[in-house]
Amino acid sequence: MYLHVLAAIMMGIYLMIPFLVARVQAPPNGSAQFGFLNVLFAMNRAGQLALVISFLTGGYMVSKAHYTVLWMVLAVVLFLAIGALTGILGSKMRKALDDPQGGKIGEYIGSIRTLSAITGILFFLTVTLMKYPNVF
């Protein structure tokens, strides 16, 4: 349970990333944007690691308790959707970081912003689902 909660706290960055991505274009030069996006890329990697830890520890806890099939299916689908979207998000960030001068950031920032917003919404839904498992 302790590892699961720590991983969930660490995944909280997915609630912050949409707001931080909105600030990527605020720095006036490309190298500052590059540095800021590089930090967001590292945060995404940490969130992906936390997602795996949370998925594994949650799977163990589900095996020891009684939840409805609907709740389990929703939980797995949400986790897989977050995993897929964060993978695509990381790919877009990596492509935007190909140029150390920040020249490619403008090319990918729209999709990065959209993916981060959807991921934040899915994480919010996941936390809500975990907090109220008896509703389903």
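G35 is found in helix α3, where a helix is a DSSP run of H or I with at least four residues, a strand is a run of E with at least two, and both are numbered from the N terminus. G35 counts as partly exposed because its relative accessibility is 31%. The classes are these: buried means under 20% relative accessible area, exposed means over 50%, and partly exposed lies in between, with a 1.4 Å probe and protein chains only. The model is predicted, so local features need pLDDT of at least 70 and side-chain atom pairs count only at pLDDT 80 or more, while totals for chains, interfaces and linings use all residues. Residues are numbered from 1 along each chain as its sequence is written, and side-chain values use heavy atoms, with hydrogens and water left out.

Helix α3 also holds A42. A42 is partly exposed, with a relative accessible area of 44%.

**Overall layout**

The protein has five helices and zero strands. Read from the N terminus on, its elements run α-α-α-α-α. Along the principal axes, the C-alpha atoms fill a box of roughly 55 × 25 × 20 Å. Of the 136 residues, 36% count as buried.

**Distances along the chain and in space**

| Pair | Apart in sequence | C-alpha to C-alpha |
|---|---|---|
| G35 and A46 | 11 residues | 17 Å |
| A42 and V73 | 31 residues | 30 Å |
| V5 and S54 | 49 residues | 7.8 Å |
| M1 and T57 | 56 residues | 7.3 Å |

**The nonpolar patch**

Which residues form the nonpolar patch on the surface? They are M1, Y2, L3, V5, L6, I9, M10, L49 and I53, with about 930 Å² of accessible area together. Accessible areas come from the Shrake-Rupley method with a 1.4 Å probe, and for residues only the protein chains shown count as cover. A patch is made of residues with over 30% relative accessible area and no salt bridge; like charges are joined within 9 Å, and nonpolar side chains (Val, Leu, Ile, Met, Phe, Trp, Tyr) within 5 Å.

The elements that give two or more residues to the nonpolar patch are α1 (2-10) and α3 (30-63). Helix α1 supplies the largest share, six residues. V5 is found in helix α1 and counts as partly exposed because its relative accessibility is 40%. M1 is found in the segment before α1, and its relative accessible area of 66% is why M1 is exposed.

**The largest pocket**

About 500 Å³ of space lies in the largest pocket. On a 1 Å grid over the protein atoms alone, a pocket is an open set of points where a 1.4 Å probe fits, with protein on both sides within 12 Å along at least five of seven lines, and lining residues have an atom within 4 Å of a point. Grid points are joined across faces, edges and corners, and a volume is the space filled by probe spheres set on the points.

The largest pocket is lined by 23 residues, of which H4, G58, M61, W71 and M130 lie nearest its centre. The elements that give two or more residues to this lining are α1, α3, α4 (69-96) and α5 (105-131). Helix α3 gives the largest share of the lining, six residues. By class, the lining has 17 nonpolar, five polar and one charged residues. In this count, Ala, Val, Leu, Ile, Met, Phe, Trp, Tyr, Cys and Pro are nonpolar, Asp, Glu, Lys and Arg are charged, and the others, Gly among them, are polar.

**The salt bridge**

How many salt bridges does the structure hold? The structure holds one salt bridge, a term for a side-chain nitrogen of Lys or Arg within 4 Å of a carboxyl oxygen of Asp or Glu. D98 forms a salt bridge with K104, and the closest N and O atoms are 3.9 Å apart. Side chains of opposite charge can pair when their charged atoms come close. K104 counts as partly exposed because its relative accessibility is 32%.
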